[in-house]
Amino acid sequence: MASRLQEIIVDCSDPRAQARFWCEVLGYVVYDPESEDAAEIVEIGPPPEPAADDRVADLRAAPAVPTISFLRVPEEKSVKNRLHLDLSPVDTNQDAELERILAAGARRVDVGQGDGRSWVVLADPEGNEFCLLRSLAPGSWPM
């Protein structure tokens, strides 16, 4: 028996702005748009699938994609993340995805990774680091 990664919590100063950025990057949706008005915590995740009678059994049996919740906190980010997300483009190459994510509000950062890496280190609008890995699009790299 094992536990399942259900939710990732990100401390931030503007949950709505963070949710908008990450929804654009990941193709996610805000799960409870009404709660977005309160803006103390905003949860995002993949667009929900239609309900089924045995949905709970399906959820327990299938691999889970965790949701991401952005929680308002009073302090600003001050050091490098101890945990970060790695993203891989699935329908385009890394360069095109990099341009799209930069246009959404990310920026390149140096965390000591050095030159010549196959990944790009970025930060979201509040400075949380994440990596853009090589593409998973068909034909992007040999298996």
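1. Ground rules. This is a predicted model, with local features requiring pLDDT of at least 70 and side-chain atom pairs counted only at pLDDT 80 or more, while totals for chains, interfaces and linings use all residues. Residues are numbered from 1 along each chain as its sequence is written, and side-chain values use heavy atoms, with hydrogens and water left out.

2. Four strands come in the order β1-β4-β3-β2, and their pairing is mixed. At the edges are β1 and β2 (29–30), each of which pairs on one side only. Strands here are DSSP runs of E with at least two residues, helices are runs of H or I with at least four, and both are numbered from the N terminus; two strands pair if DSSP finds at least two bridges between them.

3. Its pairings, strand by strand. The parallel contribution comes from β1 and β4, which pair over six bridges; here E7 stands opposite T67 in β4. Strand β3 (residues 41–45) pairs with β4 in the antiparallel sense over four bridges. Along that pairing, E43 has S69 of β4 as its bridge partner, and V42 has F70 of β4. β2 and β3 are also antiparallel, over two bridges, and V30 finds its bridge partner in I44 of β3.

4. Another open sheet. Its four strands follow the order β5-β8-β7-β6, with mixed pairing. The edge strands are β5 (85–87) and β6 (107–108), each pairing on one side only. Strand β7 (residues 120–123) and β8 run antiparallel over four bridges, with F130 of β8 as the bridge partner of L122.

5. Which strands does helix α1 lie across? Helix α1 (residues 15–26) lies across β1, β2, β3 and β4, at about 160 degrees to β4. The helix α1 also lies across β5 and β8, at about 35 degrees to β5. Contact means heavy atoms within 4.5 Å; axes are lines fitted to C-alpha atoms, for helices over the stretch in contact, and angles run from 0 to 180 degrees between N-to-C directions.

6. The structure holds three aromatic pairs. One of them joins W22 and F130 edge-to-face, at 4.8 Å centre to centre and 65 degrees between the planes. Because W22 lies in helix α1 and F130 in strand β8, the pair ties together parts 108 residues apart in sequence. Rings of Phe, Tyr and Trp (its six-membered ring) pair if their centres lie within 6.5 Å; planes under 30 degrees apart count as stacked, over 60 as edge-to-face and the rest as tilted.

7. The largest pocket. About 550 Å³ of space lies in it, a volume being the space filled by probe spheres set on grid points joined across faces, edges and corners. A pocket is an open set of points on a 1 Å grid over the protein atoms alone where a 1.4 Å probe fits, with protein on both sides within 12 Å along at least five of seven lines; lining residues have an atom within 4 Å of a point. The lining of the largest pocket counts 26 residues, with V10, D11, K77, N81 and N128 nearest its centre. The largest share of that lining, five residues, comes from β1.
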